[in-house]
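Here are a few friendly notes to read alongside the model. Have a look at the structure first, then work through the points.

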Amino acid sequence: MQLDWFEYMATFQKRNGRVTATVRIKPSPPKSKTFNTLRDAKAWAQELEVILRNEKEQVFDHIIFRKALEQYRDEVTVKKKGVIQETDKINFILKNMNCDLSLRKVDKEYLINWRELRLQKVKSATVRREMIVLSAFFTWCIDVKTWLTKSPMSGVKLPKDSDHRERIISDDEIEIMCANLKPEMVYLFLFALETGMRQSEITGLTWDRVFISKSYLQLVSTKNGRPREVPLSKKALDILKKIGIKEIGSVFNIKSQDASTAFMDARIASGLSGFTFHDARHTAATRIALKIPLLDLCKMFGWSNPKRAMVYYNPTASEIASRL
């Protein structure tokens with residue numbers, strides 16, 4: 001049985017106790033969906049007709065900010081290398097920001113108010129990262145979906161980024177940490193100090209990318225998206241040999257998040273403070289910079305701009321004075 005109502009450009013067909021609604025508005029292809037009740041079918045058809053008519057006329061007032069941001073998360077963010085971090089940021093925004101308004105009503109004033117509210121609660125660098133995600137979302141709305149013609153982020157000043165860290169882990173701190181870490185974490189920590197690799201790079205390392213005879217390993221997935229080869233010092237090679245060299249499998253059988261937790265727990269248990277696992281990369285860069293030329297250091301650490309060396313090379317004034 002087919003039912004037609006003049007107020008809808010849709011058809012409704014009853015079958016097996018359910019109702020299938022079909023909406024036809026050119027140039028869009030027909031869209032159908034089945035419901036348990038006629039009321040639900042009519043409500044869906046009415047909403048869809050508004051959307052299709054608006055899209056046909058290039059009017060997008062019906063696009064809700066929340067729905068658009070969820071679509072961006074599910075279609076774009078999921079394909080990014082930093083999917084976990086960006087998804088967390090988007091989910092936080094969806095939960096804490098008023099997103100139940102038309103996308104076209106999100107303007108400069110709205111975003112500035114959000115920025116100022118967030119700055120009262122968290123560091124400027126955190127707010128900056130959240131707003132960079134929003135900026136990318138609005139660009140997608142313009143370039144891919146054509147829902148907007150101009151980004152509401154235009155003219156919105158981003159909060160300043162945090163000053164780069166200059167924390168070096170001292171020899172005494174390293175010794176104390178090793179006494180409070182489990183053996184596998186000791187190897188992981190010392191390996192970071194020898195190679196300058198990021199924690200995620202180390203925990204994701206597999207034996208098929210380690211070339212002991214040639215004293216280097218290969219990283220396929222890195223923060224900047226470019227693969228790199230990391231030379232291995234004698235101490236780094238010794239660590240791998242103590243672990244037990246294999247042909248396949250993970251070098252360090254520990255997940256990145258578990259490594260973070262274990263490191264922080266050991267630091268607290270040691271009565272130490274002021275440094276994180278990532279400071280091992282700063283420490284490594286500061287040590288290794290004294291042994292190899294600048295360009296070699298950049299190659300090893302994966303820096304395309306030599307200025308990055310100044311972020312990670314952090315000797316104290318006294319250490320520099322001792323070499324004068």
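Which helices do the buried residues of helix 3 pack against? They pack against helix 2 (65-75), helix 4 (108-119) and helix 5.

1. Before the details: this is a predicted model, where local features need pLDDT of at least 70, side-chain atom pairs count only at pLDDT 80 or more, and totals for chains, interfaces and linings use all residues. Residues are numbered from 1 along each chain as its sequence is written, and side-chain values use heavy atoms, leaving out hydrogens and water.

2. In helix 3, Glu-86, Thr-87, Ile-90, Ile-93 and Leu-94 are buried (under 20% relative accessible area, 1.4 Å probe, protein chains only). Seen down the axis, these buried residues fall within an arc of 125° (taken from the directions from the axis to the C-beta atoms), so they line one face of the helix. The face turned away from the buried side carries Ile-84 and Lys-95, which are exposed (over 50%).

3. Helix 2 and helix 3 have axes (lines fitted to C-alpha atoms over the stretch in contact, with angles from 0 to 180 degrees between N-to-C directions) that come within 10 Å and cross at roughly 170°. That makes helix 2 roughly antiparallel to helix 3 (over 145 degrees).

4. The axes of helix 3 (residues 83-96) and helix 5 (residues 124-143) also come within 10 Å, crossing at roughly 90°. Helix 3 is therefore roughly perpendicular to helix 5 (65 to 115 degrees). The contact (heavy atoms within 4.5 Å) involves Glu-86, Lys-89, Ile-90, Phe-92 and Ile-93 of helix 3 and Arg-129, Glu-130, Val-133 and Leu-134 of helix 5.

Technical notes. Helix = DSSP H or I, 4+ residues; strand = E, 2+ residues; numbered from the N terminus. Parallel < 35°, antiparallel > 145°, perpendicular 65-115°, else oblique.
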